[in-house]
Amino acid sequence: MSDTAPAAAADAPDMPKPQVREAAAHDIGGGLALLLGLIGLLVGTGVIIGGATLSGHGSAAVGAPLIVLGVLIALGSVFAMCGLNMVAPGEARVVQLFGRYVGTIRTDGLRWVNPLTSREKISTRVRNHETPVLKVNDAYGNPIELAAVVVWQVQDTAQAVFEVDDFLEFVATQTEAAVRHIAIEYPYDAHDEAELSLRGNAEEITEKLAAELSARVRAAGVAIVESRFTHLAYAPEIASAMLQRQQAGAVVAARRQIVDGAVGMVEAALARITAEDIVELDEERKAAMVSNLMVVLCGDRAPQPVLNTGTLNQ
């Protein structure tokens, strides 16, 4: 990234330091937990059946406690299996115990954690956000329309969940704010070639946009992968006038190039005539020759030849 990135980051607002950082949750493989839970459920069911059988044969003093024990074992097994989680690739689970953040599960597959915890699913996949077409004034005060697409990804799940109310809305709002801020800092077309412009320096401007966006959304644990302008144009009310201005500038640039080339050709022609002593020309005849050649070379229409049937002076 170029040197404009630190400057763009410096223009971004100072976000508060995060109060929580992502940490790995204490979890185990869900396959073993599921197997133990099913075994406990079967054992509890067997104890209940055995207690009921004993109670039916007149041994209620032994059967009743066994039934209670079997029910407790079965309920404990079901409760323990409530800690099972299916984690898909590109997803994570933010784990809380009585409101306290205890870690994040990022390992995909069947995982088990403390069943007393709450687990919030959050996507860690790469996402796109495209802003609507925004109408703003550029650095010269001209109304322009622009839109951008931002590629981003959640890096710190704890910050995304606890540092902001809604990280999706936060990213959308900060993206629009950054695009507006970049638009008003630079002109659509610069009058000076050394000045940055939105249309002429797209790479540099998008680098500044990405740097400012990164600084704005870092508080939500979000990383910016890429940002690009998808729409950039003058507003309809001035589009025709600005098109005429661009066409006039192109015509002036073309004429300047034609004149530079014509001057070089005339200079070469005079130098060759003088070097090869084709004809001797005084200053007045050289001026006339230069005038005629410049008209021929710079004219936008084919010249009409005039035959001189007299002398060089007439």
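The conversation below goes through the chain as a whole, its cores, one threonine and a surface patch.

Modeller: Please keep in mind that this is a predicted model.

Colleague: Noted. How many helices and strands does the secondary structure of the chain come to?

Modeller: The chain has 8 helices and 10 strands.

Colleague: And what share of the residues counts as buried?

Modeller: Of the 314 residues, 33% are buried. The accessible surface of the chain is about 18700 Å², and carbon and sulfur atoms make up 58% of that surface.

Colleague: What about contacts between residues 24 or more positions apart; what part do they account for?

Modeller: Among contacts with a separation of 6 or more, 70% are between residues 24 or more positions apart.

Colleague: Let us go inside. Which residues have the most contacts within the largest nonpolar core?

Modeller: That core has 36 residues, and those with the most contacts inside it are Ile122, Trp152, Phe167, Leu209 and Phe229. The elements that give it two or more residues include strand S9 (143-154), helix H5 (167-185), helix H6 and strand S10 (222-234).

Colleague: Which element gives the most to this core?

Modeller: Helix H5 does, with 7 residues.

Colleague: You listed Phe167. What is Phe167 in contact with, leaving aside neighbours within four places in sequence?

Modeller: Phe167 is in contact with Ile122, Arg127, Trp152, Val154, Ala160 and Ala220.

Colleague: Now to Thr206. Where does Thr206 lie?

Modeller: Thr206 is part of helix H6, which covers residues 202-217.

Colleague: Is Thr206 buried or exposed, and why?

Modeller: Thr206 counts as buried because its relative accessible area is 6%, and the cut-off for buried is under 20%.

Colleague: Which backbone oxygens lie by a polar atom of its side chain?

Modeller: The backbone oxygen of Ala202 is 2.9 Å from a polar side-chain atom of Thr206, and that of Glu203 is 2.8 Å from one. Leaving aside neighbours within four places in sequence, Thr206 is in contact with Ser227, Arg228 and Phe229.

Colleague: Last topic, the surface. Which residues form a nonpolar patch there?

Modeller: Leu32, Leu35, Leu36, Ile39 and Val43 form one, with about 460 Å² of accessible area together.

Colleague: In which helix is Val43 found?

Modeller: Val43 belongs to helix H2, residues 30-56. Val43 is classed as partly exposed because its relative accessible area is 42%, and that class runs between 20% and 50%.

How values were computed. Residues numbered from 1 in each chain as written. Predicted model: local features only at pLDDT ≥ 70, side-chain atom pairs only at ≥ 80, totals over all residues. Heavy atoms only, no water. Helix = DSSP H or I, 4+ residues; strand = E, 2+ residues; numbered from the N terminus. Buried < 20%, exposed > 50% of the residue type's maximum accessible area, 1.4 Å probe, protein only. Polar contact = N/O pair within 3.5 Å; in protein donor to acceptor, adjacent residues only side chain to side chain. Contact = heavy atoms within 4.5 Å. Core = buried A, V, L, I, M, F, W, Y, C linked by side-chain atoms within 4.5 Å. Patch = residues over 30% accessible without salt bridge, like charges linked within 9 Å, V, L, I, M, F, W, Y side chains within 5 Å. Areas by Shrake-Rupley, 256 points an atom, 1.4 Å probe, with all protein chains shown as cover. Salt bridge = Lys/Arg side-chain N within 4 Å of Asp/Glu carboxyl O.
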